[in-house]
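Please find below a colleague's note on the structure, arranged as numbered points.

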Amino acid sequence: MTFISIIGIYFTLDWYCQVEYPVHKAPGFVVVTGASSGIGYSTAEDLAKLGYTVFAGFRKDQDGEKLKTIHANILPLRLDVTNAKDIKNAVTVVTDALEQSPEKPFVGLVNNAGVLFGTPIGATAAWKTKAMYDVNVLGTINLSNAFLPLIIKQKSRIVNIGSILGFCWGTTTGGYISTKWALRGYSNALRSELLKAQVSVSLVEPGLIRTKMIDKSVASSKAFDLSALDPVLQTLYESTMEMTILLNSLWEVPEFADPPKICTDVIADALMNKYPKDVYTVGQAFGTSGSAMRVLYTLLPPRVLDAINHYADEVLLPAKIAEYQEKLTMAQKMDL
Ligand SMILES: NC(=O)c1ccc[n+]([C@@H]2O[C@H](COP(=O)([O-])OP(=O)(O)OC[C@H]3O[C@@H](n4cnc5c(N)ncnc54)[C@H](OP(=O)(O)O)[C@@H]3O)[C@@H](O)[C@H]2O)c1
């Protein structure tokens with residue numbers, strides 16, 4: 001009874017303190033970083049279909065060309081979020097567009113660009129972990145800061161793409177996990193700072209999504225040279241890397257990951273809803289919903305969660321892997 005009362009009070013307070021933000025309906029301008037593939041690509045496409053003009057961030061020429069062909073409302077924008085010149089140029093391009101079309105507002109900035117190296121943090125060179133921070137955290141902060149005067153003037157919104165790994169953790173990919181925890185702290189702080197300016201800041205935390213990030217993570221796990229480590233580290237991390245590679249081999253199983261579309265719906269909501277949420281948790285990991293995991297990670301002490309993580313590695317995940325591998329083999333047989 002007391003537990004139910006606490007939950008009731010929590011949601012009542014959350015509802016009572018929700019903030020109404022100005023809504024910019026289409027047409028209007030949106031910037032989406034990392035739109036060459038995955039969640040960014042899907043978001044750019046869906047927002048363009050809704051009538052928004054989307055500046056879609058890309059790094060490689062061929063991706064810029066590809067983006068041009070998706071929809072007339074998509075304007076490819078060369079934008080490496082670690083490159084100060086690209087950031088400055090992005091602000092100039094959007095400012096010019098707003099001057100040329102004053103009837104269109106600046107709806108918001110979607111900080112989606114991200115990288116993941118699928119290796120344990122204790123065995124990953126600091127420069128590699130820093131490379132993730134440069135994109136996932138500092139790229140997001142630098143770009144948001146550069147756009148902030150425009151965002152405040154136009155009462156636009158910021159949507160940061162975090163991850164369920166921004167509130168939970170496992171026994172590998174610690175560097176990536178720490179970047180997404182940093183993004184959560186950053187989003188909370190910025191939302192509070194910008195409350196008076198009526199600028200909404202939302203964090204979207206997807207579970208496992210089928211995108212190129214998975215292929216890139218698999219490649220980094222496979223390229224990881226365990227033998228180059230100190231023997232003490234080799235012993236500690238051998239089984240972790242075996243598990244990581246085994247898990248990575250299962251991405252093709254449909255239940256293992258959701259399509260990017262489930263993220264684009266909530267990103268659109270964060271940009272358009274009168275009462276945007278502070279956090280949107282979407283999707284699942286290994287059959288457990290992200291929302292359920294969020295409750296678990298809020299309620300349980302960290303050492304209990306450590307124990308659960310190790311139990312998962314040793315018992316639950318191998319069982320899941322065996323189950324998924326059987327499904328994968330059956331699907332392959334049916335294809336033949
Ligand atoms: N897939 C998942 O399971 C999952 C789960 C939770 C959260 N997320 C988050 O979702 C976001 C999108 O990832 P995704 O899954 O859609 O992966 P993805 O398909 O690999 O997309 C990542 C995007 O980020 C871009 N990018 C990388 N470094 C960049 C830089 N320095 N400047 C600008 N853009 C850069 C990539 O561009 P290039 O093509 O040029 O490399 C690509 O467009 C990331 O923030 C990721 O952390 C993904």
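This is a predicted model: local features need pLDDT of at least 70, side-chain atom pairs count only at pLDDT 80 or more; totals for chains, interfaces and linings use all residues.

The points that follow treat the sheet, the helices packed on it and the surroundings of the ligand.

1. Sheet order. The seven strands of the open sheet are arranged as β3-β2-β1-β4-β5-β6-β7, with parallel pairing. At the edges lie β3 (74-78) and β7 (279-282), each of which pairs on one side only. On average, neighbouring strands of this sheet are turned by 20° against each other, direction ignored.

2. Pairing of β4 and β5. Strand β4 (residues 106-111) runs parallel to strand β5 (residues 157-161), and four bridges join the two. Within this pair, Leu109 has Ile158 of β5 as its bridge partner.

3. Helices on the sheet. Helix α4 (residues 84-100) lies across β1 (29-32), β2 (53-58), β3 and β4, and runs at about 165° to β1. Helix α6 (residues 174-193) also packs on the sheet, where it touches β5 and β6 (200-206). The direction of α6 makes about 160° with that of β6.

4. Ligand shell. Which residues are the closest to the ligand? They are Gly34, Gly38, Ala113, Gly114 and Met213, out of 30 residues that surround the ligand. Two or more residues of the shell come from each of α2 (38-49), α5 (126-154) and α7 (212-223).

5. By residue class, the shell around the ligand comprises twelve nonpolar, 13 polar and five charged residues.

Definitions and conventions. Residues are numbered from 1 along each chain as its sequence is written. A residue is near a molecule or strand if its C-beta atom, placed from the backbone, lies within 6 Å of it. Ala, Val, Leu, Ile, Met, Phe, Trp, Tyr, Cys and Pro count as nonpolar, Asp, Glu, Lys and Arg as charged, and the others, Gly among them, as polar. Two strands pair if DSSP finds at least two bridges between them. Axes are lines fitted to C-alpha atoms, for helices over the stretch in contact, and angles run from 0 to 180 degrees between N-to-C directions. Two residues are in contact if their C-beta atoms, placed from the backbone, lie within 7 Å.
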